[in-house]
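Me: I would like a close look at a single part of the model below, with the terms spelled out as you go.

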Amino acid sequence: MTSSSVNLEEIPSESLMNELLRRMKCAPKPDKRLILIGPPGSGKGTQSPIIKYEHCLCSLATGDMLRAAVSAKTPLGIKAKKAMDKGELISDDLVVGIIDEAMNKPSHKKGFILDGFPRTVAQAQKDHLHHKIAQCYISTGEKVLAIQFIRKSAS
């Protein structure tokens with residue numbers, strides 16, 4: 001057993017059963033890739049966990065991924081830390097690199113929700129976003145929250 005392995009005997013049976021049931025529920029679900037886009041306070045943070053649970057997706061928040069890369073001292077994390085220490089913005093290429101790494105992880109195979117990405121036109125134009133993605137636009141009016149799903153087919 002390696003140091004990163006989990007000893008299943010130490011995990012309560014109820015937790016193991018809940019995880020098994022979750023995986024059985026998620027297995028037939030189709031793969032999805034979602035991007036939540038909207039202004040602050042539009043409901044992205046409220047809707048993300050609901051969508052994540054219902055569709056068995058992972059949530060990929062740009063800020064969390066940057067902090068994790070810095071903490072893990074990955075090559076991209078080291079570059080990000082240098083920029084942060086200088087008080088500079090993280091470059092589009094660096095952010096896109098961190099997103100690409102996350103999107104390719106086996107744990108994100110079923111799909112994911114991108115939260116906080118893309119933030120710039122340059123990030124949105126990167127090739128990796130041209131896969132089949134359903135975008136969820138969240139806009140707020142005085143009393144109404146409108147959610148529109150748009151499917152983009154691979155070209």
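How do the residues of the lining of the largest pocket divide into nonpolar, polar and charged?

Reply: This is a predicted model, in which local features need pLDDT of at least 70 and side-chain atom pairs count only at pLDDT 80 or more, while totals for chains, interfaces and linings use all residues. Residues are numbered from 1 along each chain as its sequence is written, and side-chain values use heavy atoms, with hydrogens and water left out.

The lining of the largest pocket divides into seven nonpolar, three polar and six charged residues, where Ala, Val, Leu, Ile, Met, Phe, Trp, Tyr, Cys and Pro count as nonpolar, Asp, Glu, Lys and Arg as charged, and the others, Gly among them, as polar. A pocket here is an open set of points on a 1 Å grid over the protein atoms alone, where a 1.4 Å probe fits and protein lies on both sides within 12 Å along at least five of seven lines, and a lining residue has an atom within 4 Å of a point. The space in the largest pocket comes to about 260 Å³, and of the 16 residues that line the largest pocket, Arg-22, Cys-26, Cys-56, Leu-57 and Lys-110 are the closest to its centre. That volume is the space filled by probe spheres set on the points, which are joined across faces, edges and corners.

At least two lining residues come from each of helix H1 (13-26) and helix H2 (44-55), and H1 gives the largest share, four residues. Helices (H or I, at least four residues) and strands (E, at least two) are DSSP runs numbered from the N terminus; the protein chain has six helices and five strands, in the order α-β-α-β-α-α-α-β-α-β-β from the N terminus on.

Lys-109 sits in the loop between H5 and strand E3 (111-115), and Lys-109 counts as exposed because its relative accessibility is 65%. For these classes, buried means under 20% relative accessible area, exposed over 50% and partly exposed in between, with a 1.4 Å probe and protein chains only; buried residues make up 31% of the 155 residues in the protein chain.
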